Amino acid sequence: ERQKRIRNFSIIAHIDHGKSTLADRILESTSALTKREMKEQTLDAMDLERERGITIKLNSVQLKHTHTDGEEYIFHLIDTPGHVDFSYEVSRSLAACEGALLIVDAAQGIEAQTLANVYLALDNDLEIIPVINKIDLPSAEPERVKQEIEDVIGLDASEAVHASAKSGIGIEEILSQIVEKVPAPEGDPEKPLQALIFDSLYDTYRGVISYIRVVEGTIRPGQKIKMMATGKEFEVSEVGVFTPKPIACDELTVGDVGFVTAAVKNVGDSRVGDTITDAERPAEMQLEGYKKMNPMVFCGLYPVDANDYNPLRDALERLELNDSSLQYEAETSQALGFGFRAGFLGLLHMEIVQERIEREYGIDLITTAPSVIYNVYLTDETMISIDNPANFPNPQKVDYVEEPFVKATVMVPNDYVGAVMDLCQKKRGEFIDMKYMDANRVNIVYNIPLTEIVYDFFDQLKSSTKGYASFDYEMIGFRQSSLVKMDILLNGETVDALSIIVHRDFAYERGKAITDKLKDLIPRQQFEVPIQASIGQKIIARQTIKAMRKNVLSKCYGGDISRKRKLLDKQKEGKKRMKSVGKVDVPQEAFMSVLKMD
Ligand code: GTP
């Protein structure tokens, strides 16, 4: 019977260990695509992903594979995003599978995201098939990596496939282990419908396309369905599978992975993790683990050109249709004018959204430094959540403040243990654990305030370990901290977009670093500009930008007009990313200056 021949699986790996390359090989050898149709790294749909080489949006492909027993099996390969910002989406797409290929680079061994992804897979009770990739490399040490998988993860790696996704070694063995080791889906096609939404995207013509895994029951066009978390009801217009081209079919039943459209106008109505059921014969319970994702990192988005305000709002609206974890609201800044405060799952998510606005919608943005969310407990015993430092209440009214903490896992060669611990300590980290994974590599765990991660943790980690460290983090909740608001004044005026929340012990150091940095970044003006950092009324650091000496145009006095034009144009170009704050022209980099400390 068909259900017994279905295999649903994902590929999990640390970044660059070869996930996309292996997926391509699997697509090729199951002839889902002819060679001519194959584009490199087919599963990564968006340009941006391709350029950055990271997978953000999930995809699923149906493949046919004839096993050595002569039977034809139906594979659904479900792609997962690799980055920590999207760990909830990773977890939901893993929940749509019974098995996972665990790719480990034969030269590098287990890295931080290998481990994070393995834990998510184990949480979802998946059968894990270890694959040691890149065995073609001269530096490959498959036996050492096998041992590491056994010691660190506790998986039996004796049958781990030795593979090279690049040269096509081991692919048949992988396909045959999928058939033999990954269990067929369980469930009953006659039961009330339960289908897990593990991704969704917005299409102008069809509305929201939800990617689903049917767990119980059957779904067909014309059926009335209900989203269990939101209670919203719709009528199914179409169901189908990706091969990877979308192909409509009559029904999706137990174990099937595919898509459903139902004239849903907003991805918020079809959220990742929600369960679709039959409106007339609903299931008793949602599938496990639906949670609404709350953004953790916030920043201000302002158009450089005030005329771009409406186009910016339109762009955010469109992006929100495809991304239910993106949040935004209108905001006004004295310094930057009309704009938006937007909330993101993490730093990468933020960068991607900013880049898409600039690239796909052609809007030049001024972005303010990212901030986390703070719980501020007031003396009148109420609590407010602050996502914009500029809105931090008057210190007299504040009883205490809580900030979000993460559990950070760093994996690093022996030699860099000291450097990593110094960095974590400097970032107000609390030491939790340190374990040797083998003779050479160490797994270090710290609890660190999220705001310190946002302040250039990645960059510093990279430079202090020559790029050898891998890093991952997860939210662990809010904790009380001694935090104050620091304002920056330009020419005597507070620039709200430059205010930050900082730990009291770091205030002087950071105040000095920021004023120094701004002095370098802000061009000379016609007059002298003082830059000050203050906490409340107290100035804690100061710098001065000297007045401009020469007028650029005086050079071409009487000179030919085209040269003058050119010079003016050049100035205009240079001004593109400037924002006038009071009388001072401030470049975009200045608003991010609070981030980079060196
Ligand atoms: P992300 O999408 O960034 O998570 O990376 P990924 O895990 O999908 O890795 P990807 O497939 O993009 O491979 C990363 C790099 O490793 C690319 O330069 C590949 O060409 C290379 N690579 C992948 N598999 C092999 C292999 O078997 N041998 C060798 N030598 N290189 C490989």
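**Why is it called that?**

Guide: Thr-204 is exposed, its relative accessible area being 52%. Before we go on: this is a predicted model, where local features need pLDDT of at least 70 and side-chain atom pairs count only at pLDDT 80 or more, while totals for chains, interfaces and linings use all residues. Residues are numbered from 1 along each chain as its sequence is written, and side-chain values use heavy atoms, with hydrogens and water left out.

Visitor: What makes Thr-204 count as exposed?
Guide: The cut-offs do: buried means under 20% relative accessible area, exposed means over 50%, and partly exposed is in between (1.4 Å probe, protein chains only). Thr-204 has 52%, so it is exposed.

Visitor: And where does Thr-204 lie?
Guide: In the loop between strand S7 (194-203) and strand S8 (207-216). Helices (H or I, at least four residues) and strands (E, at least two) are DSSP runs, numbered from the N terminus. Thr-204 and Leu-321 are 117 residues apart in sequence, with their C-alpha atoms 10.0 Å apart in space.

Visitor: Is Ser-20 buried or exposed?
Guide: Ser-20 comes out at 19% relative accessibility, so it counts as buried. Ser-20 sits in helix H1 (residues 19-29).

Visitor: Why is Thr-21 called partly exposed?
Guide: Thr-21 is also in helix H1. Its relative accessible area is 29%, so Thr-21 goes in the partly exposed class. The "binding site" annotation in the unreviewed UniProt entry covers both Ser-20 and Thr-21, among other residues. UniProt positions are given in the numbering used here, feature names are shortened, and annotations may be inferred rather than shown by experiment.

Visitor: What about Lys-224: which class is that in?
Guide: With 38%, Lys-224 is partly exposed. You'll find Lys-224 in strand S10 (residues 224-227). Leaving out residues up to four places away in sequence, Lys-224 touches Phe-234, Glu-235, Thr-277, Asp-278, Ala-279 and Glu-280. Here, contact means heavy atoms within 4.5 Å.

Visitor: How do you know that H9 and H11 are roughly antiparallel?
Guide: The axes of H9 (residues 417-426) and H11 (residues 457-464) cross at roughly 155 degrees and come within 9 Å. Axes are lines fitted to C-alpha atoms, for helices over the stretch in contact, and angles run from 0 to 180 degrees between N-to-C directions. Angles under 35 degrees count as roughly parallel, over 145 as roughly antiparallel, 65 to 115 as roughly perpendicular and the rest as oblique. So H9 and H11 are roughly antiparallel.

Visitor: Which residues make that contact between H9 and H11?
Guide: From H9 there are Ala-419, Val-420, Leu-423, Cys-424 and Lys-426, and from H11 Phe-457, Gln-460, Leu-461 and Ser-464.

Visitor: What makes H7 oblique to H8?
Guide: Helix H7 (residues 309-322) and helix H8 (residues 347-361) have axes that cross at roughly 120 degrees and come within 11 Å. That angle falls in the rest, so H7 is oblique to H8.

Visitor: And why is H3 oblique to H4?
Guide: Their axes cross at roughly 45 degrees, coming within 9 Å, for H3 (residues 87-95) and H4 (residues 112-123). So H3 is oblique to H4 as well. Ser-87, Val-90, Ser-91 and Leu-94 of H3 meet Asn-117, Leu-120 and Ala-121 of H4.
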